[in-house]
Amino acid sequence: MKKHDLLKYFDDDLLDKLFRFCYARTNDSYEAQELCSDITLALVKAARTDGEIISLYPFIWRVARNVYADFSVNRRKYAEIFYDGDADTVLQFVADKEREQDNDEWIAQVYRRMTFLTKAYREVMIMYYIDGLTTAEIAKRQNTSEGAVRQRLFSARQKVKNEVEEMAETYNRPLALDEIGYVIWGTGNPCWGDPRKVCSRMFSRHIVWLCHKKSMRASEIAEELNVPTVYVEEELEILTGGENGEYGLLRRLDSGKYAINFILLDQDVIEKAHAIYADQLPKICGILSDYIDKHKEEYLSFPYLNKKLDWNLVLWQQVYTMSSAFCDKVESILAEKYFSHTEKINRPFSIFGYVDNGKRYGGGWDGVDAENVCGFSKIHIDNIYITRIKEHFHCGHNVSNDPQIQLALRAIDGLDISSLSETEKEHAAKSIECGYLYREGDMLYTKILVSAMQDRDRLFAVNDGLRKGFFEKDAQIVAEKLAALIQKAVPDHLLGEWRLANQLANQPVLDSVVENFIEKGILTPPEYGIGAEGCWMSVMK
């Protein structure tokens, strides 16, 4: 076969075999990626020469072994260069010796695969050249040595082609992006896939910001940020795929452009949205206070399993759904009057947020399930967290590996301290400190609220009354103003997620209600932010 035909055999299977070859001969996956890219590049060069290949795979492995021999020699030289002296000074004098300008389709495909293999190296280049971080800062973020970061930078400079050469020729950092931050909330099950986790770099945030303004092509983003398109293309792939490959911060349109894939409100928009709800806070707080006073006995009549029932803990359990009653009424009006023809988006997890304006409201509510723990066939445990109370755990928490929660389960009917081992006593002390348990004589009892699993669906039944006739007039006013704001600020392709924009607007309410209740003496916060407040569980034998 002709050498020119070699590129036709480049596929994921071949690259996987090459990578395994490299991994067995290097110290870690980063070095393996580097060596694999060297071999790939050597094969690309061979394919661009004249001549015949008598036997395909023996030829490939002969090239691989030759490249590995050179790699072994160069690895020692690189270490000598980069483990001595100042990193930033040395990097200015590293030259890119390779100049490739071939736009052939096969070449482009191979390079795309190759740059995927060198992702770890290109990541440090983005942090160094674009985010403006030092090698020491990058090392800290990646939990590695500064020497390893220097070597990856050196190797990446030799490999990334075409547009990246323009960056290398400057021998300097072309830019450090301005600081930009987002406050992004999530709702649903984040274990399905949380796209926020792929937006940690400043480079990512700027791409999201540009696509939030209008849909853009990769080349347009590259021109706007003065960054090589090859970097932008990879970042777009990450941002559209998200954590699970199904739900990302961006979406690719049929036109080839990229657009925002979640509701992200500008600073001025979120301030207007918050103000719409804030105007109603005095009325909301007044109505809720009166409602609590009139329905106290109904709240206390719920069949909790605790030995002692604490009214303060009951209110902390109820305050989240109680304070959302007005928002729920606004949502029902929006759904009926303003967005009745908008199809609702259904997915296991969704995110929504705004450009950071220095204000953080609201909080979180996380729940976890477990089975066959401490004699219970099913368990569900919840906790809320806001300014006044800290979280005990987040979604995905493993109850079977949490001895403090297990002690709370064992102590529902009382737990004799003398039956505990020394290790269990240490865990019991921590459980008391964080509010799961309390001690009475020689016994431990569960302090957080506990209910039977069959009663879980009616935990908040008393609050349902708040949605009937209490907020009609005021909710109409809020819905009208908010509908106009949403229709103006949210892109058409995201209008199906208008409910999340309503949740963003409602964020000042929860904290404000809590502070109002504390001021009136209705609620008492935990002394150090963590306690039994806002934590409860349901169990089944």
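How many cavities of 30 Å³ or more does the structure hold? In this predicted model, the count is 1. The largest cavity has a volume of about 50 Å³.

L265, V269 and A273 belong to it, as do L482, L485, I486, A489, V490 and A501. Two helices each supply at least two of the lining residues: α13, which spans 267-278, and α20, which spans 472-489. Of the elements involved, α20 gives the most to this lining, with 4 residues.

The cysteines are a separate matter. How many disulfides does the model contain? The count comes to 0. For C22, the closest cysteine sulfur is that of C36, at 4.5 Å. A disulfide requires a pair of cysteine sulfur atoms within 2.5 Å, so the sulfurs of C22 and C36 are too far apart for a bond.

Is C22 buried or exposed? C22 has a relative accessible area of 0% and is therefore buried, the cut-off for that class being under 20%. C285 also counts as buried, because its relative accessibility is 6%.

Conventions
Residues are numbered from 1 along each chain as its sequence is written. This is a predicted model: local features need pLDDT of at least 70, side-chain atom pairs count only at pLDDT 80 or more; totals for chains, interfaces and linings use all residues. Side-chain values use heavy atoms; hydrogens and water are left out. Buried means under 20% relative accessible area, exposed over 50%, partly exposed in between (1.4 Å probe, protein chains only). On a 1 Å grid over the protein atoms alone, a cavity is a set of points where a 1.4 Å probe fits but cannot get out, and a pocket is an open set with protein on both sides within 12 Å along at least five of seven lines; lining residues have an atom within 4 Å of a point. Grid points are joined across faces, edges and corners, and a volume is the space filled by probe spheres set on the points.
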